Amino acid sequence: MLRKRNKQKRFASIFLSFLLVISLIPLSAADAEENSDTSSIGKVSRIQKEGSDIYLDFSSGKGIKLSFLKDNVFRLHLDPSSEFPEYPTPNKPDHVTKIVDKDKNDYQKEYGTVNVKVKEDSDFYRIYTKILELKISKTDSKMSMINKQNNKVIWSEKEPLSLEANSAVQTLNTKDGEYFYGGGQQNGYYSHKNNKVNISIGGGWDAGAASSPVPFYLSTEGYGVMRNTFKPGVYNFSKTATFSHEENRFDAYYFVEDSIPEIINEYTELTGEAALMPEYAFYLGHADCFNGTHNGHKDQRTLLGKGLDTLNQYVEKDMPLGWFLPNDGYGCGYGGLENLEKFADEANEKDVEVGLWTQSNLYPDPSLPEDSPLRRDLDGEVKAGVRAVKTDVAWVGQGYSMALNATRQAAEGIEKQENSGGARPFVISLDGWAGTQRYATLWSGDQYGGEWEYIRMHIPTYIGAGLSGNPNVGSDMDGIFGGDPVIQTRDFQWKAFSPIQIDMDGWASSGNDYSKSKNPWNFGEPYTSINRMYLKIKAQMMPYIYTIAEESTSTSMPSVRGMMLEYPEDPFTYGTDTQYQYMWGPNLLIAPVYNEKDHAAGVRNGIYLPDSEQVWIDYFTGEQYQGGAVLNNFDAPLWKTPVFVKNGAIIPMAPENNAINELDGSENRIFDIYPAGKSEFTLYEDDGKTTDYKSGKNTKTRISSVVANDKVKITVHKAKGKGYKGMVKERGTEFLVNTRKQPESVTVKVGGKNNKLRKALTEEEYSRSENVYFYNESPNLNKYSTEGSEFAKTKVTTAPKLFVKIAKTDITKNQVMLTVNGFNNTQEKEVKDTEVPDVPYGLGACR
C-alpha cells in the first residue's frame, strides 16, 4: 500500500503522546546550498515515531522510513517521494511473485511490536532497540550501526546515502579483519574481500559470472543486508565499500546476529526457507532430446525408443539414477501427452522420476501450432507423470522478477493437488534472485568440461550459493560441452558429496561422434567402475544427505558448508585459503582434486584439517590425522577424492540401492559410527516425495555415542514426531562401529531387554543372518566394479569395523542400545602444524 503522509497529519502528531517528534530544523542558507547536490539526502529536519516505524524527513525533501520487524531486524527505505511502497516495482506488472515471504504483520504476530526508542545528543540522532542502535550524524547524515550487546560498531558510512537518477548507493568503511560473503551464486567465488561482484544476470557462465545473483551480503562483523529490489547492482567490497543498484530509491533490510548461519537464517526467514528437494533429486539425473530429430546427432528419436533404451542402460550397467528429462525444450518436445504418460509409466516402473526442460511458457500459447515443442501444458504434463521442471535460460534468462515469477509457477504447477496429489516440486533453474530458494534449485549454467578449471570453479561456487541462502546447487557432470575421462571421473567423485548432478547429454558431440556422451560409462574402464563406486556411496549415504538437506531448509545451514560455518573460531577458514574444500554436513570434509599438477602426482596438496584437538579419518583407508594442520602430498590416485570423517561422527546409511524408489521404508536402519568421546546425530525422515513435510509430518531419531575408557555405548533412541504417510515402524537396525581392536564382548538391549547376539564367522554368514555381529578386519569398499575389469582388482581397504545386525522392532516404542567392551579406535599419527592468521573478531561460534 502506498502511504504518503500529509503535512496536516504530521503536525497534528506532535501533540499525541504516543508519537515522538524529535526536532524541526529550519533550512539555513548552508542547507539550501547543500541541497543543490541532487544526490545528497541532506540533513535530518524531522523525526516522527509511529509504533515500530520511524519516519525521517531531510532538508533535501527526501524521506526515510525505518520499519523494525524484530529487535535485530529492520528495513531502511529511502524514497524521494516519501510514499514508501510496500514492495519494489517488478519489471513487468504480471510478475506478481514477491521477494519477501514474511511481511511486517507476520513478524508482529510472531514477535510482537518492537519497542523502538529515539534519542538525540549534540552530535547524533540515536534510534535503538534492545539489540541494535542506528546513529545518524546531525552534521552530514552519515549513519552507523552498533550492536548493543557488545557495544561494537558493526558498520559505518564513509559517505551519506546517495540517490541519483539511476543509482542508489551506500558507501561503507570496512575493517582489516572483516570478510564478506553472499551475492548469490557467483561462479568461481565466495569470499569477496577486496573484490567486486555483479548483482546482475549476464556475462556468460564461467568464473566471474553471476549465474544466480542475490542482492544479499553478510559481514563477519555480525550483520547482513538485503536490498529489496529487482534492479541490477554492483557490490564493491574494497576498503571503502560501495553497494549500488540501478534505481532512484534505496530499500534494504538489515540483520544483526552473532554468527554467519544465524544471519543467513534471518535472511531466509524474511525471503522464505529453501525448498526441501524430493529424495530422488539427490541422485544423478539424465537430460537429452528423445523426440524427433536430435539437435546434435541429427538421428530420429522417440521417447519409447531411444529414450527408454538410454534409461535402461543405467539399469543394465548398475548405475544409480533418480530422474530423467527426455526433452530439451529446443525444438525437441515429447510427442504429445499420451506419449509422455507412457514414458513416465515405464520410467516409474524402473524407479526413476520424469521431468521436462522448458524454454517457453508453462501453459498453452494459442499463437503456437498444437504440435510445436514450445507449446506447453504444465497441468497436463504433471497429470501425465512429470514431477520436475528445468527452467532454461531461453525462458528465464530475463532474470529478476520474471525468473522469480516463473519458478513459482513451475513449483505450484507440480504440487497442485488436482495435478499430482501434492507432489513435492523439483525445479532446476538459473538466473535466480532473492526468494528463488523457496521454489527452485540452482544450476550453474553451460560450461565446457574436459578442463581442470571446470572442477576448480565449481567448488567455491557451491560454497558461495550456500552462504547466500541457496543450499540446493548443482551443475552438469564434466560440463555440457567438451569432455575428458579424467575430468569426468574426478567430477563424479567430488559431486557425489553435493546436492545435484546432471548428465546433460547431446551437446558435446555431433553427427556420428558419440565420444563425449554424458553418462558414467562413456569412457570405459576404469572410469566406469570408479564413477559407479561414488554414485553407490552417495545412494547409501542418502539418510545422512537428506537429514542435512532438511537442516538447510529449517535452519539455513547449507549442506555444502564453507569451513568457517563449522569452525567459526578458526582464523584459517575465512578467506580463500580453504576455498577448494568444504564440509558436507557436520561430519565429512571433502577436498576435491582440482588441478593437473596434483592429479599427475597422484596427490592432493593444501588440505586444511581444522581443530588441533580433532582427529580426522580418511574415509577410504581409515588412516588418522590430527587437526590444526595443513596436509600436503595426501595420497589421491585416480580413483580417490580425499574424504575425511570427523572422529566421533555418526553417519546414517541405507542399503545398496540405485534409486530411492527401490526402498519402501522397511529396510534396516544403518549407522556408520566413529566413536570418540560423546557425540550424537539426529536422523530426519519424512515421505521424501510430497509437501506434507511443511506441516511437520516427519520423524526424528537421535543417535548417541559415549566412549568411556575401553567401552562404547551407542543408543538409537525412539523415533519421535507426527510420522508420515507410508512410514514403516517395524525396522531392523545395523551398526558399523569403527574399532581397531577385536571386541571382548558385544551386547544389545532392545526396549530395555537383552537381545542375544551370535558371532558370525564370515561376512556371508553375517549378511544372511540377524541378531548377529561380525568383526571385519579389512573391509573392501571396492564392491561394485565391473566384473573382470582391471579396477576390480584394486583393493580399497579401510580400517577394521564391527558389524552388528539386530532384528526388527517398533522404532517408535523401543530404543536400541549397543555396548562394545574392548573398544579402541586410536591410531597415532603426527602432522606438522602451520601458521594461521588472526581470527576475524566479529563472530562467535554458533552452537
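I looked up Leu 56 and, leaving aside its neighbours within four places in sequence, found it in contact (heavy atoms within 4.5 Å) with Val 44, Arg 46, Ile 47, Lys 62, Gly 63, Ile 64, Leu 66, Ile 127 and Ile 136. The model is predicted, so I note that local features need pLDDT of at least 70 and side-chain atom pairs pLDDT 80 or more, while totals for chains, interfaces and linings use all residues. Residues are numbered from 1 along each chain as its sequence is written, and side-chain values use heavy atoms, with hydrogens and water left out.

Next I checked Ile 64, which lies in strand β4 (residues 63–70); strands are DSSP runs of E, at least two residues, and helices are runs of H or I, at least four, numbered from the N terminus. Ile 64 counts as buried because its relative accessibility is 0% (buried means under 20% relative accessible area, with a 1.4 Å probe and protein chains only). The C-alpha atoms of Ile 64 and Ile 41, 23 residues apart along the chain, are separated by 9.5 Å.

Then I turned to helix α12 (residues 485–495) and helix α13 (residues 527–540), whose axes come within 8 Å and cross at roughly 15 degrees. Axes are lines fitted to C-alpha atoms, for helices over the stretch in contact, with angles from 0 to 180 degrees between N-to-C directions. I therefore list α12 and α13 as roughly parallel (angles under 35 degrees). Among the residues making the contact are Phe 492 of α12 and Tyr 534 of α13.

Conventions
Buried means under 20% relative accessible area, exposed over 50%, partly exposed in between (1.4 Å probe, protein chains only). Angles under 35 degrees count as roughly parallel, over 145 as roughly antiparallel, 65 to 115 as roughly perpendicular and the rest as oblique.
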